[in-house]
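Subject: Structure for your review

Dear colleague,

I am handing over the structure we spoke about, and below it you will find an account of what turned up when I went through it. Please read the text alongside the coordinates.

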Amino acid sequence: MLTGLLSLSETELARKSKRELIAELGRIRQSLENVNGGHHAPTSGASGDPEGSERRLLDAIEAVPSGFALFDPADRLIICNSVYRELLGVSGEESPSGLTYEELLRPVVERGLILEAVGREEAFIRERLEHHRHPTEDIVLHLPGGRWWRVGETRIHDGSTLYICTDVTKLKQTEEELHFAQERLAGILAISNDAIISVDEEQRIVIFNAGAEKTFGYQRQEMIGQPLQTLLPERFRQAHHGHMEAFANGGLVSRAMSERAEVLAIRKDGSEFPAEASISKLELGGTRIFTVILRDISRRWQADDALRASQRLLQTAFDAIPHNISVKNLDGRYLMVNKSVCDFLGYPLQEIIGKTTLEIERASNAEKFDVDRLDRVVLSGQERLTIHEYTRTASDGRESILHTIRAALTDALGNVSGVVVVSMDITEQRQAEQRAEQAHTRLMDAMESISQGFVLYDADDRLVLWNQKFARINSDIAELLKPGTPFETLVRAGAKAARITDRGIDPDQWAERRIARHRNPQGTDERPGADGGWYLASEHKTRGGGTAGVWTDITDLKRVEEALRAREEQLRLFITHAPAAVAMFDRGMRYLLHSRRWVEDFDLRDDDLTGRSHYDVFPELPRKWADAFARCLAGSVERSEEDSFHRADGTLDWVRWEIHPWRDMRGDISGIVMFIEVINERKRAEAQLIRSQRMEAVGQITGGVAHEFNNLLHIIHSYAYLIGEERPQDERLAALVKPIENATQRGAVLVKQLLSFSRRQLLQPSQIDLNKVTLEMLALIRPPLGDAVELTVSTGKGLWPVLLDQGELEYALLNLALNARDAMPRGGKLTIKTQNWVGAPPDSGQDDPDGWGQFVMLSVTDTGCGMTSEVRDRAFEPFYTTKGMAQHSGLGLSMIHGFVNQSGGFVEIETEVDVGTSVKMFLPRVE
């Protein structure tokens, strides 16, 4: 239907003539009819009046009472009306055609104009975009100011989207009013003493209130779904069903109790009773509901029987009244009394009639005198009506509080002919009042016992009651805390007392806002107290229209929040200024924090990476790292001692990295923290060390060859010398010997050079302090270990001096430290220790302590992978290694073993697989 217009690009729209656009816009009218109920002003054809057609079409869109917008298949706005712009809160200039749906929606969400999106803006935008592209059912949005909009979206066959939004604020208000009405109805059903029963069109019970339970003896769950005739005697059920059908089909919608004769009903126990009933019908959504209100009138029938018995008429009426009623003549003698008087006095009726109170009652003379005196006041005509309240003792000895009314009886001439005395026992009423007062006291005690401040205002916003906690919180306005004080007075006094939470606002303006929130409570807010604390204040409307307020102390929470903010700032500063490359990511691998070293090490141009994706910053990231991130987000700790990283510019970086998950307060993994160290320099140093070790191996071989070659040269030189000595006068022979001697001399020089290269020259020992040499070597040992290895040095006190070649010692110590590092690829602890030691070398067979030697022990201990017994046994063999010639030559430990033995000491290895290795050099003490 809209294909022609909606499929146009912006360029194509610009090329179309005005007439062509008007013709295309005409196709939208059918969509407008769906919105406007099919009613719009008739328009002439586009060909007859194109400008008029365009104007009428735009007017029709503007006349739509709902928000209207049309988007093309690319989600770009084609046209919208002012109601839609009002929903977005934008002007016509801010919503031109061509804007995408997201470009229209995002500013609205970011300004907080859709309450459902507050605090989850991006998620809301994603949800709306998905719904806009794949619309299903309508949605309802809550806007500020208590407004509600229903949004409907329809995907047209050509891919366009029709957007309709309707103001449903009144509907929501009506729903709330209906909810309140339902609550009120439920309250009426609960408290009514009458039986209220509702049935459906099949006369099956759907409502059975507490009054009905009390009247019939059935529980509600027993009767729901049962026929209404269950509550009638079986002999009346068929006729009653016919009456219900006649009422259902008749024109009346209700029939009151007085308009229908009584009926007989039956209780659960089978007993029948007379009842007065009214009925009404109501149609809801095409379904009729019938409601019956039924009242048990058994007592009325008894009264009617009494009325029909004229002789017992008045006496029965008296007996049915729970109060003491008596009639006396001018002499104060009883003419008529009810049963309550008989019970109270303790005499039968015939012993009371005709006697005075003095002749009947057995009370004290003072009490008798008082009763007679009160009677005489009325009988004498001094007062026609008197009301008194006093305590009397009944015949059973029970004291009762009586509220007594004495009224004069007059004859036709208006003369006093007697007195009517009505006494009501108000003992229970007074006791109830006492209980109410006690309950009020308990309520006040309960209010005082709670830790929150509590305050209650009536429907007119006047102060009713409060507890001492509330008074302490508002001690600056304590003189105003009196029943009846208007809320506005308290608020304005608080504003003048400088307890305004919104800085920079006028006190009167602040007070007006506070009063508005009080009258329409919504949520909670934080407020300062006069006692210096902070409180979370919440207000709620009561059923009576009043307002209850609760102030909860959150001072400690505020301190914790401040401390948390301080810790977060400390964490930010720590990570930002950390001397290592550190970055913190959320679960989407977006940067939360990063150190300056991170930016510097990876030569990143943007100093602030916050919010950016790690994959956008490093598009060349290898897949194995992304897999490591995923494992870490699942709870794993990932690390690599060395890893290659090919940069986008083709350079190769060697890095050591470690990734840890971080968790939120609930223990859920919320992201990862990554530590990276660029180890290019270390890799170069290691490569250089490997080359050095290879050269060392070559040197060892060269030294051996040099010694053998030197022996051969010595033989050649000796025989040449002997030949010359045998024939010193033979010049021809001398000419032949001379080149041999010269060659042997040049060979001797070459041998010396080879021995120098192979370090087979003699040791150059000197007396040294082993602690001092060890500490000086730390600067050389620490860098190649890396951050994952924790280095600890323990130097012995009073260490004996030793006689050693210092260069060889330094080489041995460095070699052992590097071996320990290689044994701990995931990091660990390396300990270098010196101490004096007395004992015998292994395999010496010396068990006598007097023959033991004095040594200084230098040990290098790691927590690495350890050695098997086979590896340990071959550790000192030349050229034996478990690491391959690419890493080591296998001469390290053999050279250390030879150096220590040559110096008069010995070497021991203690090792255990997966526990670690300790290499101990025992060097002889020198005086």
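The chain exposes about 52,500 Å², and carbon and sulfur atoms supply 53% of that area. Please keep in mind that this is a predicted model. Of the 927 residues in the chain, 38% are buried, and the secondary structure comprises 31 helices and 33 strands. Among contacts with a separation of 6 or more, 48% are between residues 24 or more positions apart.

The largest nonpolar core has 36 residues, and those with the most contacts inside it are Ile-781, Leu-809, Leu-830 and Met-921. At least two residues of this core come from each of several elements, including helix H28 (770-785), strand E30 (828-839), helix H31 (892-902) and strand E33 (916-924). Helix H29 gives the most, with 8 residues. The buried residues of H29 include Leu-809, Ala-812, Leu-813, Leu-816 and Ala-817, but Glu-808, Asn-815 and Arg-821 are also among them. The geometry of H29 agrees with expectation, because its 17 residues (806-822) should span 24 Å at 1.5 Å a residue and its end C-alpha atoms are 25 Å apart. Leu-830, one of the core residues with the most contacts, touches Ala-817 and Ala-820, and its other partners include Leu-785, Val-789, Met-824 and Val-860, residues up to four places away in sequence not being counted.

Met-867 sits in the loop between strand E31 (853-862) and helix H30 (869-873), and it counts as buried because its relative accessibility is 19%, the cut-off being under 20%. Leaving aside neighbours within four places in sequence, Met-867 is in contact with Arg-872, Ile-909, Thr-911, Glu-912, Val-913 and Thr-917. The C-alpha atoms of Met-867 and Gly-916 are 7.9 Å apart, although the two residues are separated by 49 positions in sequence.

Met-244, Phe-247 and Ala-248 are buried in H12, and seen down the helix axis the buried residues fall within an arc of 100°, so they line one face. The exposed residues Gln-238, Ala-246 and Asn-249 are carried on the face turned away from that buried side. As background, an α-helix has 3.6 residues a turn, so residues three or four places apart point the same way.

Turning to charged pairs, a search of the whole structure finds 31 salt bridges. In one of them the side chains of Asp-75 and Arg-133 meet at 3.3 Å, N to O. Asp-75 lies in the loop between strand E1 (67-71) and strand E2 (77-80) and Arg-133 in helix H8 (residues 121-133), so the pair ties together parts that are 58 residues apart in sequence. Asp-75 is buried, with a relative accessible area of 8%, whereas Arg-133 is partly exposed at 37%. Arg-631 forms a salt bridge with Glu-638, with 3.2 Å between the closest N and O atoms; here Arg-631 is partly exposed at 40% relative accessibility, while Glu-638 is buried at 13%. The salt bridge between Arg-666 and Asp-668 has an N to O distance of 3.6 Å, and in that pair Arg-666 is exposed at 70% and Asp-668 partly exposed at 39%. Finally, Glu-102, Arg-106, Glu-110 and Glu-122 are linked in a network of salt bridges.

With best wishes

Definitions and conventions: Residues numbered from 1 in each chain as written. Predicted model: local features only at pLDDT ≥ 70, side-chain atom pairs only at ≥ 80, totals over all residues. Heavy atoms only, no water. Buried < 20%, exposed > 50% of the residue type's maximum accessible area, 1.4 Å probe, protein only. Helix = DSSP H or I, 4+ residues; strand = E, 2+ residues; numbered from the N terminus. Arc of directions from axis to C-beta. Contact = heavy atoms within 4.5 Å. Areas by Shrake-Rupley, 256 points an atom, 1.4 Å probe, with all protein chains shown as cover. Expected span 1.5 Å × (residues − 1). Core = buried A, V, L, I, M, F, W, Y, C linked by side-chain atoms within 4.5 Å. Salt bridge = Lys/Arg side-chain N within 4 Å of Asp/Glu carboxyl O.
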